Amino acid sequence: MRALVVDHSEAGPIRFADVDEPVPSTGEALVEIRHIGLNFGELNYVHQWPAGAVHGHDAAGVVVRAASDGSGPPEGTRVAVGMAPHAWGERVAVSPASLGIVPEGVDLADAAALGIAGVTALRVLRKRSLLARNVLVTGASGGVGHFAVQLAALAGARVTALVGSPDRAAGLRELGADMVLTDLAETEDRFDLVLDTVGGPLVAQAWRFLAEGGTIHLVGYSSGQETTFPSGALFGFGEPRSIATYGDMAPTSGELTDLLGLMAAGRLSAPVGLRGDWQDVDDAVQALFARKVHGKAVLDVA
């Protein structure tokens, strides 16, 4: 079968290759992939995976062979694949723990956009009650950011979306952002929770805007820059403030089910900013690296 594999050469980060058909274990279903969801992180940090390995974690498709131990969805079920290994092939063997059943009325392509971005946003925002809290989402025009703005608003938060430029602000108010900024200096608010996807100097800046008892959750570092705190910046009185890392690799089935339920109810939309054929994956990768994609890139598997 054809698949997108890791390529460490200058032509990378991924390339098409013919690979062996996956052989499911007794506890794995065989899924025919219809759409794949690209993530900036898995493309930008491709050196963390071995050359030639089938790459990718997020996709959507149809179960063509149920797990032989009786676990998971039956043959013919439409499913979202989230944070599972080797997802960018024509078929993938995957544990039911990484599958969410796609309800009627939810497009499979939209389901493919969930995975890493949707689950990350949901898990971070569940760390505390958000009702009437001030929440800041940095890099709000990206995949995680789009989901985080919507989910925080659904939870009753006052949401501030921070983007890199005015042209990346489009649509965020419609998704639930109360305020859209290009510079934190434009606000005097203090935030109870910051979901940061950017890293670098922005983290030190956000720290100055953190309320007592507040937390910055670091879920990405798309800036590629270091964070330096001025002398004394981490000292303070009052209820402690904190910085938390994120790297939760627990099974995603529960969160995928919740997110897909919100989609089916019309309360959550998929931020698909680029849709195309997987034959054009190189163009999609370049668009992601050039920050031309608002939201997620989803490609159809021919």
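**Close-up views of selected strands, a helix and a loop**

View 1. Leu 218 touches Asp 196, Val 203, Ile 243, Ala 244, Thr 245 and Tyr 246, when residues up to four places away in sequence are not counted (contact means heavy atoms within 4.5 Å). The model is predicted, with local features requiring pLDDT of at least 70 and side-chain atom pairs pLDDT 80 or more, while totals for chains, interfaces and linings use all residues. Residues are numbered from 1 along each chain as its sequence is written, and side-chain values use heavy atoms, leaving out hydrogens and water. Leu 218 has a relative accessible area of 25% and is therefore partly exposed (buried is under 20%, exposed over 50%, and partly exposed in between, with a 1.4 Å probe and protein chains only). From Leu 218 to Val 124 the C-alpha to C-alpha separation is 9.4 Å, although the two residues are 94 apart in sequence.

**View 2. The open sheet of 6 strands.** The strands follow one another in the order β10-β9-β8-β11-β12-β13, and their pairing is parallel (strands, E, of at least two residues, and helices, H or I, of at least four, are DSSP runs numbered from the N terminus; two strands pair if DSSP finds at least two bridges between them). At the edges stand β10 (179-181) and β13 (242-245), each of which has a single partner strand, so one side of each is left without a neighbour in the sheet. From one strand to the next, the twist averages 20 degrees (axes are lines fitted to C-alpha atoms, for helices over the stretch in contact, and angles run from 0 to 180 degrees between N-to-C directions). Over 3 bridges, β10 pairs in the parallel sense with strand β9, which spans residues 158-162; Thr 160 has Met 179 of β10 as its bridge partner.

**View 3. Helix α3 against the sheet.** Because 10 of the 11 residues of α3 are buried, the helix is largely enclosed by the rest of the structure. The buried residues of α3 are Gly 115, Ala 117, Gly 118, Val 119, Thr 120, Ala 121, Leu 122, Arg 123, Val 124 and Leu 125, and Val 124 is also the residue whose C-alpha lies 9.4 Å from that of Leu 218.

**View 4. Glu 239 in the loop between β12 and β13.** With its neighbours within four places in sequence left aside, Glu 239 is in contact with Glu 212 and Gly 213. Between the C-alpha atoms of Glu 239 and Gly 214 the separation is 8.5 Å, while along the chain these residues lie 25 apart.

**View 5. Strand β4 with its antiparallel partners β3 and β5.** Strand β4, made up of residues 58-65, is mostly covered, since 6 of its 8 residues are buried. Strand β3 (residues 29-38) runs antiparallel to β4, and 7 bridges join the two; Ile 33 has Gly 61 of β4 as its bridge partner. Strand β5 (residues 78-81) likewise pairs with β4 in the antiparallel sense, here over 4 bridges, and Ala 60 has Ala 80 of β5 as its bridge partner.
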